[in-house]
Amino acid sequence: MKTPAFDPHNTAADLTRTLEILKEDPNLSEQNKKTILRFYEACGAEGLKPIRLLRLLQLLRLTGGSLKKSFDKVTRSDVQKYLA
């Protein structure tokens with residue numbers, strides 16, 4: 001049996017908490033929540049480490065809330081304005 005990796009930053013708990021916050025976030029549309037969760041599952045299946053998944057979830061939640069648009073309707077111009 002494999003010994004769990006040492007997690008000094010308690011990433012597993014942070015990841016669980018971030019997923020709960022994401023699901024309850026009033027600034028995100030239901031469509032964006034579903035899109036982010038599908039992306040999370042796909043990245044997990046690809047083998048991304050929990051710390052990377054945590055950071056991606058945090059960034060996508062903040063970006064989705066700021067853009068006020070469904071991710072599938074965001075244009076290049078929207079992203080450029082957001083990043084400016």
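In this predicted model, helix H1 meets helix H3 through Thr11, Asp14, Leu15, Thr18, Leu19, Ile21 and Leu22 on the H1 side and Pro50, Ile51, Leu53, Leu54, Leu57, Gln58 and Arg61 on the H3 side.

Two packed helices are described by the angle between their axes and the distance between the axes. Helix H1 spans residues 11-24 and helix H3 spans residues 50-67; their axes come within 9 Å and cross at roughly 25°. Angles under 35 degrees count as roughly parallel, and H1 and H3 are therefore roughly parallel to each other. The crossing of H1 and H3 is left-handed.

Two individual residues, Thr16 and Asn32, are considered next. Thr16 lies in helix H1, while Asn32 belongs to helix H2, which covers residues 30-46. Their relative accessibilities are listed below.

| Residue | Relative accessibility | Class |
|---|---|---|
| Thr16 | 43% | partly exposed |
| Asn32 | 1% | buried |

For Thr16, a polar atom of the side chain lies 3.0 Å from the backbone oxygen of Ala12. The C-alpha atom of Thr16 is separated by 12 Å from that of Gln58, a residue 42 residues apart from Thr16 along the chain. Gln58 is also one of the H3 residues in the contact with H1.

Terms used. Residues numbered from 1 in each chain as written. Predicted model: local features only at pLDDT ≥ 70, side-chain atom pairs only at ≥ 80, totals over all residues. Heavy atoms only, no water. Axes fitted to C-alpha atoms, helices over the stretch in contact; angles between N-to-C directions. Helix = DSSP H or I, 4+ residues; strand = E, 2+ residues; numbered from the N terminus. Parallel < 35°, antiparallel > 145°, perpendicular 65-115°, else oblique. Left-handed = near helix turned anticlockwise from the far one by under 90°. Contact = heavy atoms within 4.5 Å. Buried < 20%, exposed > 50% of the residue type's maximum accessible area, 1.4 Å probe, protein only. Polar contact = N/O pair within 3.5 Å; in protein donor to acceptor, adjacent residues only side chain to side chain.
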